[in-house]
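Visitor: I'd like a close look at a single part of this protein. Could you pick one spot and walk me through its surroundings?

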Amino acid sequence: MTTDTTEVDDLDEQQLDAEEVGAADFDAFFAEQDAKRSREAFTLYGRRYELPDSMPLMFTLQMERVQNSSDPQDVRKMLGTVFGTDTLDVWAEKGMTDRQFGIVLIYSAANMRTPGSVTMARAAELHDEQERSAAEGKAPAPNRAARRAKPKGKRRSSGKR
């Protein structure tokens, strides 16, 4: 029995070529990409905050966790990834209201995804719309993950062919 080693030899050559050229460097690539993206900044309680150029994965993961949690420590962790570890306490000590907190989160999340996409006034409108919907007993629109997780029902046949 003979074995064709041509494919294995080709892979070995490709590997050597990659080593000679240098491995893909995502650090350099992402640094170059990040330098081109704009960032949104805002001032709150005399402190300037500069939002990341895109949504940090840890912020996204913590937002999911916070939705089902009543633990302030979860909120601290979420805010810490973007604004710093003591942010929740500082904002609370300054007298931030629940409405103001919601507006800042809506503004920040939208502008991390797409810088310049939402003004502070529009963030306030979006927050108030959510509050009205909740007060009227309407559930807010489910997020994309919830919509995807929802099982799809079978379609009924009309009986016509």
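**A serine in its setting**

Guide: Let's go to Ser 108, which sits in helix H6 (helices are DSSP runs of H or I with at least four residues, strands are E runs of at least two, and both are numbered from the N terminus). A word on the ground rules: this is a predicted model, where local features need pLDDT of at least 70, side-chain atom pairs count only at pLDDT 80 or more, and totals for chains, interfaces and linings use all residues. Residues are numbered from 1 along each chain as its sequence is written, and side-chain values use heavy atoms, with hydrogens and water left out.

Ser 108 is buried, at a relative accessible area of 0%; buried means under 20%, exposed over 50%, and partly exposed in between, using a 1.4 Å probe and protein chains only. The Ser 108 side chain reaches the backbone oxygen of Val 104 at 2.8 Å. Skipping residues up to four places away in sequence, Ser 108 touches Phe 42, Leu 51 and Phe 83, where contact means heavy atoms within 4.5 Å.

Now hop over to Phe 83: leaving out neighbours within four places in sequence, its contacts include Arg 47, Tyr 49 and Trp 91.

Methods
A polar contact is a pair of N or O atoms within 3.5 Å; within protein, one must be able to donate a hydrogen and the other to accept it, and residues adjacent in sequence count only if both atoms are side-chain atoms.
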